[in-house]
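Dear colleague,

I am passing on to you the structure we spoke about, and I would be glad if you could look through it with the notes below at hand. Please open it first and then follow the points in order.

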Amino acid sequence: MQIRRIDAGLALFIGLIVLAMARYGAEAFASGPWTMADDARQFLAWGARIGNPSAMPHDLLADYWQQAAPPLYRALLYGANALGIGPVGIASLLAFPLIGASALLTWRLAGCFALDRSRKLFAAICVMAAILHNDSIFSGTPRAFASPLILMMMLGMATRRHGLTLAGLLLSSLIYPAPAITCLGIFALHLMDWRWPWTLRWRSVAMLALAGVTVVASGLFFKAGLADWGPTLLLQEARNVPSLATFDGRSSIVGRSGDVAWLCSARIGFLPAIVNCQGNGDPRLILNALLSVLPIIALWITGRRRHDQNPNAATAWPLLPYSLISSLICYSLAALVAFTFHLPARYSQPVLLVMGSLAFGLLTGGWWSRGMDRLARSRPMARMAIITIAALIGIAAFATPKMRLVRPASSDLVALIASTPHGTRVAGIDDDLAIIPARTGRTVLATPEHDIPYHRRYHRDHQALLRSSMAMGELQQPVLTAEVRRQNIDLLIFDRHFLESGVLPASYSAALPPPHRIAPSFDRIAPLRAASCRVIETPQWVAIFTSCLKRPAP
């Protein structure tokens, strides 16, 4: 009976993936009843409508974010609801299959570039470590699908399985179009015959035309759905938007010096933000370049020298420079019309994160293989020490994924709001309000987390609602009663420190232009109690039920 040998590298890779999943599972499902992904607070603000289409009426946040959900993502949420899984539940569970699919695709893609075990293992580990520390795959949003779909498209091109590539382009265009456009450019370069004289292959042209129509039509259809909220912001206008023009803003696009962070930043920079970067002058951009773009260039320069007898090498290796070329072209075009077709970074960063990390892993694996061979002959103890250190670094990397999970500072506040009737409308100033629409299905007037400025009408209306919430925080009659009635508010929630000091929490200050304070209003709670208003106070927050303010005057 033949005994099948276990691939030690594959076993190690699987073990690290299981470690990352276990770490995520513990944080997402065992750290508190209201825990959820950071960005999902926005994308699921309309979630109550999935089970009840009439829920959250006249809700600006729900109206906008329901329209902002791409078709395939929306279908996923409705499908999960039919199986009894709520939107927050499916968003939290998504990470498990997406990590598993990414790991499988990564291992197979790495095998297209290298048969050598060390290089294949290092390449796969580097790609997955980058994906896990990018936080997208844990976001529970359409962006979570970016990395696995990019891997799917790259694997299809590397193995000349064009059906797989076309399927990836279709799926990506329906759920997260920006990387699909960049991958379409890679596909175009991949289909070209670069031998001289050039020959026009009609089958390739037809295939590329089909892919182009699919991606572009899907993107334009999605953009048209958001037209009612537009037009989109212009770059020169962005410098006057607080959440864009301050580094600590929710959607910041500038560095510390105020310049647009074209080179390195999470939302608009060309380079993948593997290490958090704060502008064009931040020295950490060198590290990001070393981990992504420079390895691609290094392998591009030496790409004609094959490192093994891999049958897919001739097809796979050109995908590295193609990725860089397409990313640069698509990023440049997106930067010229910034915000019109999404953030420029969304065109370059997801693709370069995957392919740059793959190139870095291939280089590192080659150095490792040669170094270990020499140490095995001369210094076996040093070899064992280096292997141990590398193993500890790998374990640490996979045990600390960047999950960006949020938990309310006051779980009792969320529980209180969740206990109110489903039609309750909430307003106020408190950071925990951002989690309320997605977690409880109650309408919240406005929060800094939902203050996304790219569509002017939405941003204008949301800013007005933030100001209205601030005005209600003054607790000054008759303004308070007028605003409560105008906005039909049932429950006011205020951060206690805000009422006592009049100073807005930092997240609100980053979203609103000055002034960022009101006169302290905590003493005005006493007259509300005298008027038979129900008021609940804790050391962290104050809740005011407004039925007393809605009653007609005697």
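Across the interface of domain 1 and domain 2 the rule finds 1 salt bridge. Please keep in mind throughout that this is a predicted model. The two domains are the parts into which the protein chain is divided, with domain 1 covering 8–33 + 70–405 and domain 2 covering 411–549. Their centres, taken over C-alpha atoms, are separated by 39 Å, while 23 residues of domain 1 are in contact with 17 residues of domain 2. Between them the domains bury about 1800 Å², of which 58% is on carbon and sulfur atoms.

The largest one has 169 residues, and Trp65, Phe113, Met154, Met355 and Leu358 are the ones that touch the most other members. Because domain 1 and domain 2 both give residues to this core, it lies between them. If residues up to four places away in sequence are left out, Leu358 touches Leu109, Ala110, Phe113, Ala123, Val127 and Leu320. As background, nonpolar side chains in soluble globular proteins tend to be buried together.

Just after α9, Arg160 takes a positive phi of about 55°.

Finally, there are the salt bridges, of which the rule counts 17. Asp135 forms one with Arg404, with the closest N and O atoms 3.3 Å apart. This pair links distant parts of the chain, 269 residues apart, as Asp135 is in the loop between α8 and α9 and Arg404 is in the loop between α20 and β2. Asp135 has a relative accessibility of 6% and therefore counts as buried, whereas Arg404, with a relative accessible area of 32%, is partly exposed.

A contrasting case is the salt bridge between the side chains of Arg496 and Glu500, at 3.0 Å from N to O, where both residues lie in helix α25, 4 residues apart, or about one turn of the helix. Salt bridges that share partners also join Asp38, Asp39, Arg41, Asp135, Arg143, Arg404 and Glu449 into one network.

With best wishes

Methods
Residues numbered from 1 in each chain as written. Predicted model: local features only at pLDDT ≥ 70, side-chain atom pairs only at ≥ 80, totals over all residues. Heavy atoms only, no water. Core = buried A, V, L, I, M, F, W, Y, C linked by side-chain atoms within 4.5 Å. Buried < 20%, exposed > 50% of the residue type's maximum accessible area, 1.4 Å probe, protein only. Domains from an automatic or database assignment. Contact = heavy atoms within 4.5 Å. Helix = DSSP H or I, 4+ residues; strand = E, 2+ residues; numbered from the N terminus. Buried area = accessible area lost by both parts, 1.4 Å probe. Salt bridge = Lys/Arg side-chain N within 4 Å of Asp/Glu carboxyl O.
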